[in-house]
Amino acid sequence: MNPPSEIPPAAGRKSFSEALGESFWLSAIWLVCVIFFAVTADLWPLAEYDHMNWESPAAPPGTEIHAEIPGGGRPVEMKKVSLLGTDTMGRDILARLIFGARTSLAIGLVTPCIGMVIGGLLGMMAGFYRGRTEAVIVAVMDVILAFPGLVFLLAITFILGPGLDHIILALGLLTIPAFTRVARANTLRCARLEFVQSARMLGQSDIGILVQEILPNVIWPMIVYALLVVSYMIVAEGALSFLGLGVPAPTPSWGAMIAEGKEVLDKAPHVSLIPAMVMFLTVLSFNIMGDCLRRAVHPKEEQL
Amino acid sequence: MTEPAPVLEIRSLEVIYEAGRRRRIQAVSDASFEMIQGETLGLVGESGCGKSSIARAVMQLPPPTSGRVMFFGEDLTRVDRLRLRQLRPRLQMIFQDSVAALNPRRKVGETIAMPLRVAGKVPKEKRNKRAREMMSAVGLDPALFGHRPFQLSGGQCQRVQFARALMTEPGLLICDEPVSSLDVSIQAQILNLLERVRIRHGLTILFISHDMAVVKNVCDRVAVMYLGKLCETAPTEALYRQPAHPYTAVLINAIPMPGAPLSRPEMRAAAADLPSSIDPPSGCRFHTRCPVARARCAEIEPSLETVGPCRQAACHYPLCNG
């Protein structure tokens with residue numbers, strides 16, 4: 001494994017951004033756009049996402065439709081081109097997509113954070129202290145894993161009532177066991193290595209070792225895994241909407257939009273397909289970013 | 001005038017590992033020795049004889065099952081946790097696997113500066129300056145400051161370990177097989193480095209190795225271990241000239257020497273496997289492989305007896321006496 005002599009290694013190493021590759025940046029651009037529009041949704045001259053127009057339901061993209069622009073107390077009637085068409089209730093799809101991005105991204109981004117913080121903490125404690133701590137944590141996680149997730153979601157909706165925050169909470173709790181496993185496995189892997197012992201020899205405390213030695217080695221695998229969970233959660237929200245467990249109407253979400261369009265799939269496929277396409281691209285982007293990151297941050301340590 | 005307290009004094013050290021149900025491995029039993037200021041003691045023996053267990057017991061990682069570890073007169077097995085954390089920087093260890101001994105996520109310069117950071121109160125610029133000075137002192141190009149361990153060779157990683165250990169100005173440096181995973185040419189460089197820092201810092205070193213030839217060149221005194229027990233301690237020169245314990249003789253006989261006659265056939269260990277330390281042999285633990293064993297060896301366990309100036313051996317029939 002050792003080179004024959006102690007020559008300093010070649011300086012010309014690929015920079016981090018080069019190592020990530022083009023597909024990473026393409027994905028990043030798409031996601032930045034989605035997030036940008038989601039954040040600034042109120043500033044755009046969009047139709048109201050919950051304004052129903054029964055004159056033109058399921059209009060294809062580019063249709064000219066009547067719209068009521070509220071202003072000065074008296075609604076003004078005018079013609080307006082609906083860029084992406086309308087859904088089964090005549091609501092503007094573009095507006096619903098952009099406001100729906102808020103819901104889907106909130107679920108996709110906040111949920112893994114809950115899992116990452118709680119699961120990461122528990123997993124690192126289990127892997128570092130071993131013994132009884134580990135046994136208890138692993139047992140609790142096994143129970144959560146064995147409990148049917150859908151039943152848990154139903155129970156949460158039943159007890160706390162429907163709502164975006166409750167869905168995020170419930171989905172977040174369900175991701176904890178997986179994050180615990182990732183954190184524990186990586187902690188176990190590096191806690192037995194000598195650099196942890198040498199930190200102890202320098203008089204470092206347990207918390208110091210966990211934060212300064214182990215966390216930097218555990219955080220990247222966790223982030224890579226979190227990016228996969230983001231896409232999984234966006235899809236999960238869609239699935240929940242199909243079951244009627246999603247975000248309550250009229251708040252738009254991509255999953256709910258796809259679900260709505262299923263009845264007119266033969267006559268007006270765009271009602272389902274446009275949000276499906278956006279969700280697909282977003283999920284794909286998160287997955288590609290996760291993959292590229294994994295390749296870029298695990299360069300040679302894997303050979304150890 | 002009383003003699004100054006030894007740097008390290010180990011008394012009746014015992015290390016027992018629990019290996020599943022009711023199976024206990026006695027890695028070290030009843031080991032006692034002491035080290036004085038500036039001395040290099042070599043600890044030799046086959047793999048699995050308990051050398052590293054002694055090292056870890058001294059470091060309290062984990063603490064020994066029983067026995068005492070006196071470091072400058074303080075018993076490390078008795079002091080409270082806070083005091084142990086204060087004392088630990090003065091005990092440093094160089095690990096065999098130099099790559100695993102460095103945090104892969106940290107720049108090597110930061111690794112070397114870490115002792116100062118843990119100790120606190122040293123501003124960052126000063127820490128980094130000291131780290132660069134130490135890098136030059138151990139023969140590392142300070143330009144490697146920002147590199148990560150996996151970009152370095154094994155020899156360079158070993159130098160980083162030395163630099164980190166020396167930053168604390170340790171009272172005792174334990175080297176656990178520091179060169180066994182390196183190429184022979186790099187081994188020589190690292191051993192020269194060890195000699196240099198030993199003289200410059202007046203280090204007391206516990207040098208663990210299974211390589212008798214390396215130990216001969218590095219150490220002032222040698223302790224030989226077999227199956228968790230000390231068989232012989234002696235000054236290096238006397239030990240290599242005339243070993244007292246048959247096991248030492250077997251080890252020395254196994255060093256390949258260019259030009260020397262073939263090893264004396266009467267001083268080879270029986271080809272039997274190393275007995276298990278879960279169930280060690282009765283009497284003298286070496287009797288199953290000893291070339292000169294007699295009936296008494298299987299019954300009565302010999303204790304360490306003085307067999308010459310500054311030397312002790314645990315054998316009923318030592319090969320040299322007085």
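Q: Which strands of chain B does helix H1 (residues 51–59) lie across?
A: In this predicted model, H1 of chain B lies across E1, E2 and E4 of chain B. The helix runs at about 110° to E1(B).

Q: What is the strand order in the open sheet of chain B?
A: The four strands run in the order E2-E1-E4-E5, with antiparallel pairing.

Q: What makes E2 and E5 of chain B edge strands?
A: Strand E2 (24–35) and strand E5 (74–75) each have a single partner strand, so one side of each is left without a neighbour in the sheet.

Q: Why are E1 and E4 of chain B called paired?
A: Pairing needs at least two bridges. E1 (residues 8–18) and E4 (residues 66–71) of chain B have five bridges, in the antiparallel sense. Glu14(B) stands opposite Ser66(B) in E4(B).

Q: Why is H5(A) called roughly antiparallel to H6(A)?
A: Helix H5 (residues 149–160) and helix H6 (residues 164–191) of chain A have axes that cross at roughly 150°. Angles over 145 degrees count as roughly antiparallel, so H5(A) is roughly antiparallel to H6(A). The two axes come within 10 Å. H5(A) passes H6(A) in a right-handed crossing.

Q: Which residues make the contact between H5(A) and H6(A)?
A: H5(A) brings Gly149(A), Phe152(A), Leu153(A), Ile156(A) and Leu160(A). H6(A) brings His166(A), Leu169(A), Ala170(A), Leu171(A), Leu173(A) and Leu174(A).

Q: How many of these contact residues are nonpolar, polar or charged?
A: Nine are nonpolar, two are polar and none is charged.

Methods: Residues numbered from 1 in each chain as written. Chains lettered and ligands numbered in written order. Predicted model: local features only at pLDDT ≥ 70, side-chain atom pairs only at ≥ 80, totals over all residues. Heavy atoms only, no water. Helix = DSSP H or I, 4+ residues; strand = E, 2+ residues; numbered from the N terminus. Contact = heavy atoms within 4.5 Å. Axes fitted to C-alpha atoms, helices over the stretch in contact; angles between N-to-C directions. Parallel < 35°, antiparallel > 145°, perpendicular 65-115°, else oblique. Left-handed = near helix turned anticlockwise from the far one by under 90°. Nonpolar A, V, L, I, M, F, W, Y, C, P; charged D, E, K, R; others polar.
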